[in-house]
Amino acid sequence: ALATGGTGDVLAGLLGGLSAQHARPITHELARSKLGERARLMPDDGCLTLFELARCAVAAHARAASLWRTQNTATAGLTPMALADQLPEAVTALRE
C-alpha cells in the first residue's frame, strides 16, 4: 500500500513535524563530545534524537498504512491523503 506516489512525502512531513516538536537541540558541547560522553550531556528532558524521531515516524507511517488496510478491502490504492487521515489514530496507538 505504501508504494503509491506521495506516501513518502507524508513520512517526510511527519518526521519534520515530530522534529519540530520533540528534537533535542544540538549544543556545542554535544557536537564536540565523543559517543561515550553523550549520555552525560543529554539529560532526560523528554526530547528525542533525530534517529529516535525517525524510528517513531516510520512506525507511525507503517501503522497508519496498516490501519487503512484493515478498513479497506483493496490491496492497493492508498492515497497520501487517506494515509495522512490515519496518522492521528496510528500515533495514539503507538503511544499506548
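This is a predicted model: local features need pLDDT of at least 70, side-chain atom pairs count only at pLDDT 80 or more; totals for chains, interfaces and linings use all residues.

**Stop 1: the largest pocket**

The largest pocket has a volume of about 240 Å³. A pocket here is an open set of points on a 1 Å grid over the protein atoms alone, where a 1.4 Å probe fits and protein lies on both sides within 12 Å along at least five of seven lines. The points are joined across faces, edges and corners, and the volume is the space filled by probe spheres set on them. Rolling a probe the size of a water molecule over the atoms shows where empty space is left.

Residues are numbered from 1 along each chain as its sequence is written, and side-chain values use heavy atoms, with hydrogens and water left out.

Now select the lining (residues with an atom within 4 Å of a point): Leu-14, Leu-18, His-22, Leu-48, Leu-53, Cys-56, Ala-59, Ala-60, Val-91, Leu-94 and Arg-95. By class, that's nine nonpolar, one polar and one charged. Nonpolar covers Ala, Val, Leu, Ile, Met, Phe, Trp, Tyr, Cys and Pro; charged covers Asp, Glu, Lys and Arg; the others, Gly among them, are polar.

Which helix gives the largest share of the lining? That's H4, with four residues. H1 (7–22), H4 (50–71) and H5 (80–95) each supply at least two. Helices are DSSP runs of H or I, at least four residues long, numbered from the N terminus.

**Stop 2: helix H1**

Select 7–22 to see H1. At 1.5 Å a residue, its 16 residues should span 22 Å, and its end C-alpha atoms are 22 Å apart, which agrees. (The expected span is 1.5 Å times one less than the number of residues.) Color Thr-7, Val-10, Leu-14, Leu-18 and Ser-19: these are buried, meaning under 20% relative accessible area with a 1.4 Å probe, protein chains only. They pack against H4 and H5.

**Stop 3: the core**

Next, pick Leu-14, Leu-18, Ala-64, Leu-78, Leu-83 and Leu-87, which touch the most other members of the 15-residue largest nonpolar core. Such a core is a set of buried Ala, Val, Leu, Ile, Met, Phe, Trp, Tyr and Cys residues joined through side-chain atoms within 4.5 Å. H4 gives the most to this core, with seven residues.

**Last stop: zoom out**

Notes:
Buried means under 20% relative accessible area, exposed over 50%, partly exposed in between (1.4 Å probe, protein chains only). Contact means heavy atoms within 4.5 Å.
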